[in-house]
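These are my notebook entries on a structure that is new to me. I set down what I looked up, one topic at a time.

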Amino acid sequence: QVQLAESGGGLVQAGGSLGLSCAASGRFFSINDMGWYRQAPGKQRELVAVIAKSGGTNYADSVKGRFTISRDNAKNTVALRMNSLKPEDTAVYYCSAEIHYLAYAEVSWGQGIQVTVSS
């Protein structure tokens, strides 16, 4: 069983920056895509950014040019650097990882971490 532990987040003023980190621990064969999603109150969970094991990335249009996702395959970690934050970035952010075991694969989720951007 894999556990994804998120850290970072918090409260920041509009225009500021924050960083999120997520570390995967447990017993597994490999990790493919890792990513960040967010869910604002009253809204559905949405993709923020995803990074493949090869390093290829994909971002939501709303965060392109402001957020940067990165990963360390050796440490099984993924990070999200958020710059030029806006009040509409306020949400609970979730780390996700496509975990491969010997016989199957599944997507695991972190518990979520709050990011609040004040205007």
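Predicted model: local features only at pLDDT ≥ 70, side-chain atom pairs only at ≥ 80, totals over all residues.

I then looked up Arg 66 and Asp 89, whose side chains are joined by a polar contact of 2.7 Å. The side chain of Arg 66 also has a polar atom 2.9 Å from the backbone oxygen of Ser 84. I located Arg 66 in the loop that runs between strand E6 (57-59) and strand E7 (67-72). Is Arg 66 buried or exposed? Its relative accessibility is 10%, and buried means under 20%, so Arg 66 counts as buried. Setting aside residues up to four places away in sequence, I listed what Arg 66 touches: Arg 81, Met 82, Asn 83, Ser 84, Leu 85, Lys 86 and Asp 89.

I searched for disulfides, and the count came to one. Cys 22 and Cys 95 form it, with their sulfur atoms 2.1 Å apart. The angle about the S-S bond is -80°, and the link of Cys 22 and Cys 95 is left-handed. Which parts of the chain does this pair tie together? Cys 22 belongs to strand E3 (residues 18-26) and Cys 95 to strand E9 (residues 91-100), so the pair ties together parts that are 73 residues apart in sequence. I checked the accessibility of each cysteine. Cys 22 counts as buried because its relative accessibility is 1%, and Cys 95 counts as buried at 0%.

My search of the whole structure for aromatic pairs found two. For one of them, Tyr 37 and Trp 109, I recorded ring centres 5.0 Å apart and planes at 65°, so the pair is edge-to-face. Tyr 37 lies in strand E4 (residues 30-39) and Trp 109 in strand E10 (residues 105-109), so parts 72 residues apart in sequence are tied together by the pair. Both residues were looked up for accessibility: Tyr 37 is partly exposed at 24%, and Trp 109 is partly exposed at 37%. I next asked which rings Arg 45 lies over. Arg 45 lies over the face of Trp 109, at 4.7 Å from the ring centre. Arg 45 also lies over the face of Tyr 94, at 3.7 Å from the ring centre.

I placed Leu 47 in strand E5. Apart from neighbours within four places in sequence, Leu 47 is in contact with Trp 36, Tyr 37, Asn 58 and Ala 60. Last, I looked up the C-alpha atoms of Leu 47 and Thr 57: they are separated by 12 Å, and the residues are 10 apart along the chain.

Note on methods
Residues numbered from 1 in each chain as written. Heavy atoms only, no water. Helix = DSSP H or I, 4+ residues; strand = E, 2+ residues; numbered from the N terminus. Buried < 20%, exposed > 50% of the residue type's maximum accessible area, 1.4 Å probe, protein only. Polar contact = N/O pair within 3.5 Å; in protein donor to acceptor, adjacent residues only side chain to side chain. Contact = heavy atoms within 4.5 Å. Disulfide = S-S within 2.5 Å. Phe/Tyr/Trp six-rings, centres within 6.5 Å; stacked < 30°, edge-to-face > 60°. Lys NZ or Arg CZ within 6 Å of the ring centre and 35° of its normal.
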